[in-house]
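The following report describes the fold of a single chain and then turns to a few of its side-chain pairs.

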Amino acid sequence: MKFTDLAEDSEDSGHTPAERIAAATRSTWVSVGVNLVLTLLQILAGIFSKSQGLIADGIHSLSDLVADFVVLLAGHHSRKDADADHPYGHHRFETAASLVLGLLLLAVGLGMLWSAVHKLESPETVPEVHVLALWVAGGALVSKELLFRYMLAVAKRVKSSMLVANAWHARSDAASSLVVGIGIIGNLAGYPILDPIAALIVGAMVTKMGWEFSWEALHDLMDRAVDEEEVAAIRQTLLDTPGVEGVHDVRTRKMGDMIVVDAHLEVDASLNVEAGHDITVEARNRVLQRHRVLNLMTHLDPWHKPDLDHNQARTA
């Protein structure tokens with residue numbers, strides 16, 4: 001799963017929220033344009049050339065197109081401000097959209113598997129495809145691979161797991177176009193059965209990816225923590241705050257592409273409440289500035305100075 005790619009750099013990307021939103025929206029509209037053209041081209045060419053594999057690839061592109069609109073809808077709703085019913089904002093709308101996207105892939109993949117198996121049960125009915133199918137499959141392969149690389153670069157830059165899911169959806173189409181192309185070549189070489197076999201492989205790929213995306217999104221909706229590397233980076237930022245003597249019980253949960261953190265901070269027991277409060281405010285500001293943290297809830301614990309006389313006596 002490629003959602004972990006977002007954690008390569010735990011600190012903010014340096015882009016303003018407006019820039020991140022604009023980049024995500026722009027990349028998604030590019031995907032809409034590519035998928036719209038490919039859907040029409042692949043399905044029509046598949047029907048004309050009698051290639052089940054190419055039709056299956058076109059349906060996969062259609063699911064990409066639907067997924068793009070899900071991403072746009074989710075992006076719009078997730079940017080809404082916090083309100084009385086959603087005090088942490090609407091960031092999990094993106095996670096819910098990722099779940100819908102995964103379920104969509106799962107349904108499409110299972111449908112493709114059923115269609116391919118049905119065709120394989122009657123191999124004598126598999127027709128010879130037209131060479132046009134091969135050219136369309138090759139063009140789709142190149143287009144989808146370029147789209148994947150572009151969308152993944154944007155997703156990493158703006159740190160959006162939903163865009164990562166959509167980018168890898170594009171990569172799955174590129175891989176499926178490669179499989180379809182091989183199947184078409186085999187069909188043209190005198191082995192017609194290879195075309196529905198290619199459709200079967202594509203269906204299995206889509207089903208697997210749909211299951212993985214759905215499972216990841218479901219775990220995020222169940223308050224899964226972020227990876228240990230990112231937790232360690234947040235803990236270190238807290239420890240680097242002047243006045244913080246120790247940190248423990250750091251807990252995280254994902255809120256869309258943001259993180260909600262709870263932490264216990266240890267400060268000098270002799271400090272008054274106001275001084276301790278100032279330290280927690282500084283710690284919170286540092287974490288929010290350096291990490292993709294939406295909110296940090298802190299609990300102060302007293303830290304006692306070591307008994308130097310006692311320690312010296314023990315080492316004497």
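## Fold and side-chain pairs

From the N terminus on, the order of elements in the chain is α-α-α-α-α-α-α-β-β-α-β-α, which amounts to nine helices and three strands; helices (H or I, at least four residues) and strands (E, at least two) are DSSP runs, numbered from the N terminus. The model is a predicted one, in which local features need pLDDT of at least 70 and side-chain atom pairs count only at pLDDT 80 or more, while totals for chains, interfaces and linings use all residues. Residues are numbered from 1 along each chain as its sequence is written, and side-chain values use heavy atoms, with hydrogens and water left out.

Of the 316 residues in the chain, 46% are buried, where buried means under 20% relative accessible area, exposed over 50%, and partly exposed in between (1.4 Å probe, protein chains only). The chain exposes about 15700 Å², of which carbon and sulfur atoms supply 63%; these areas come from the Shrake-Rupley method with a 1.4 Å probe, and for residues only the protein chains shown count as cover. Among contacts (heavy atoms within 4.5 Å) between residues at least 6 apart in sequence, 76% join residues at least 24 apart.

Helix H6, residues 194-221, has 28 residues and reaches 41 Å from its first C-alpha to its last, close to the 40 Å expected at 1.5 Å a residue, the expected span being 1.5 Å times one less than the number of residues. H6 is followed by Asp223, whose phi is positive, near 65°.

Aromatic rings of Phe, Tyr and Trp (its six-membered ring) pair if their centres lie within 6.5 Å, and planes under 30 degrees apart count as stacked, over 60 as edge-to-face and the rest as tilted. By this rule the count comes to one aromatic pair. The rings of Trp211 and Trp215 have their centres 5.5 Å apart and their planes at 15°, so the pair is stacked. Both Trp211 and Trp215 lie in helix H6, four residues apart, about one turn of the helix, and Trp215 counts as partly exposed because its relative accessibility is 43%.

A salt bridge is taken as a side-chain nitrogen of Lys or Arg within 4 Å of a carboxyl oxygen of Asp or Glu, and by this rule the count comes to five salt bridges.

Arg149 and Glu145 both lie in helix H4 (residues 132-158), four residues apart, about one turn of the helix. Arg149 counts as exposed at 54% relative accessibility, whereas Glu145 counts as buried at 19%.

Arg292 is buried at 8% relative accessibility, and Glu230 is buried with a relative accessible area of 2%.
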